[in-house]
Amino acid sequence: RVRPHPDSSWWSDINPLARRLAWERVLASDDGASAWRELAARSGSGGLPFSVQLWHADVPGSVVKEGAGEVGGIADMSGQMPAARVRKFRGAAHSIHNSARDEFVSALCALVDEASLEGEAAAKHGT
C-alpha cells in the first residue's frame, strides 16, 4: 500500500480521509477491547448463542502480540474468553485474506458450513 513513486518519492494507496477515519474510529479507540470484554462477560454468564473466533496472522509481518502478559494480546484475549476458538495462520502477514488466501477461504467456508449445520439442528429441535 505504500510504494516508491517513479520520481523517488513515496506513494500511499490509502486515501487520506480513510486513513483519518481509521485513526479516529479504530486505532485511537478502545471499542474493540470494550466489545471483547462484553462478549467475554456474556460468554462466562451462560454462554453466547454463537461461537467466537479469534483468527490472527503470524507474528512476523503483523501487529499480533502473542506473549503472556501482553495486554490486548492473544493470550490476554484467550484468558478473558477461554471458549473463543483461536486460530493462527502460520506464515500469514497482517492481511490474512491476501497473504494466506487459500487457507483463509478454506477456514471461512468450514466455519460457514458448521454454522449452517448448527442452525439446521437448532431449527429441528425448536431452539
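Biologist: Which helices and strands each supply at least two residues of the lining of the largest pocket?
Modeller: This is a predicted model, and the largest pocket in it has a volume of about 910 Å³. Its lining draws on both helices and a strand, with at least two residues from each contributor. Those contributors are helix H1 (16-27), helix H2 (31-44), strand E3 (53-57) and helix H3 (74-80).

Biologist: Which residues of the lining lie nearest the centre of the largest pocket?
Modeller: The largest pocket is lined by 28 residues. By class, the lining has 13 nonpolar, nine polar and six charged residues. Nearest the centre lie Leu 54, Val 63, Val 64, Gly 72 and Met 77.

Biologist: In what order do the elements of the chain run from the N terminus on?
Modeller: The chain holds five helices and four strands. Taken from the N terminus, their order is β-β-α-α-β-α-β-α-α.

Biologist: Why is the chain said to be more spread out than a compact globule, and what is its radius of gyration?
Modeller: Along its principal axes, the C-alpha trace spans about 65 × 30 × 30 Å. For 127 residues the globule rule gives 14 Å, and the chain is well over that, so it is more spread out than a compact globule. Its radius of gyration is 19 Å.

Biologist: What percentage of the residues of the chain count as buried?
Modeller: A residue has to fall under 20% relative accessible area to count as buried. The chain exposes about 9,300 Å², and carbon and sulfur atoms supply 58% of that area. Of its 127 residues, the buried share is 17%.

Biologist: Is His 56 buried or exposed?
Modeller: His 56 lies in strand E3. Leaving aside neighbours within four places in sequence, it is in contact with Val 64, Glu 66, Ile 74, Val 86, Arg 87, Lys 88, Phe 89 and Ile 96. The relative accessible area of His 56 is 5%, and the cut-off is 20%, so His 56 is buried.

Biologist: What distance separates the C-alpha atoms of Ala 57 and Lys 88?
Modeller: Ala 57 is also found in strand E3, and with a relative accessible area of 4% it is buried. Not counting residues up to four places away in sequence, Ala 57 touches Ser 62, Val 64, Lys 88, Phe 89, Ala 92, Ala 93, His 94 and Ile 96. Ala 57 and Lys 88 are 31 residues apart along the chain, and their C-alpha atoms are separated by 5.9 Å.

Biologist: Is Ser 43 buried or exposed?
Modeller: Ser 43 is found in helix H2. Beyond residues up to four places away in sequence, Ser 43 touches Leu 48, Met 81 and Ala 83. Its relative accessibility is 19% and the limit is under 20%, so Ser 43 counts as buried.

Biologist: Which residue has a positive phi although it is not a glycine?
Modeller: Most residues other than glycine have a negative phi. The residue in question is found in the loop between strand E1 (2-4) and strand E2 (10-12), and at 69% relative accessibility it counts as exposed. With a phi of about 75°, it is Ser 8.

Technical notes:
Residues numbered from 1 in each chain as written. Predicted model: local features only at pLDDT ≥ 70, side-chain atom pairs only at ≥ 80, totals over all residues. Heavy atoms only, no water. 1 Å grid on protein atoms, 1.4 Å probe; cavity = no way out; pocket = protein on both sides within 12 Å on 5 of 7 lines; lining within 4 Å. Points joined across faces, edges and corners; volume = space filled by probe spheres on them. Nonpolar A, V, L, I, M, F, W, Y, C, P; charged D, E, K, R; others polar. Rg over C-alpha atoms; globule rule 2.2 N^0.38 Å. Buried < 20%, exposed > 50% of the residue type's maximum accessible area, 1.4 Å probe, protein only. Areas by Shrake-Rupley, 256 points an atom, 1.4 Å probe, with all protein chains shown as cover. Contact = heavy atoms within 4.5 Å.
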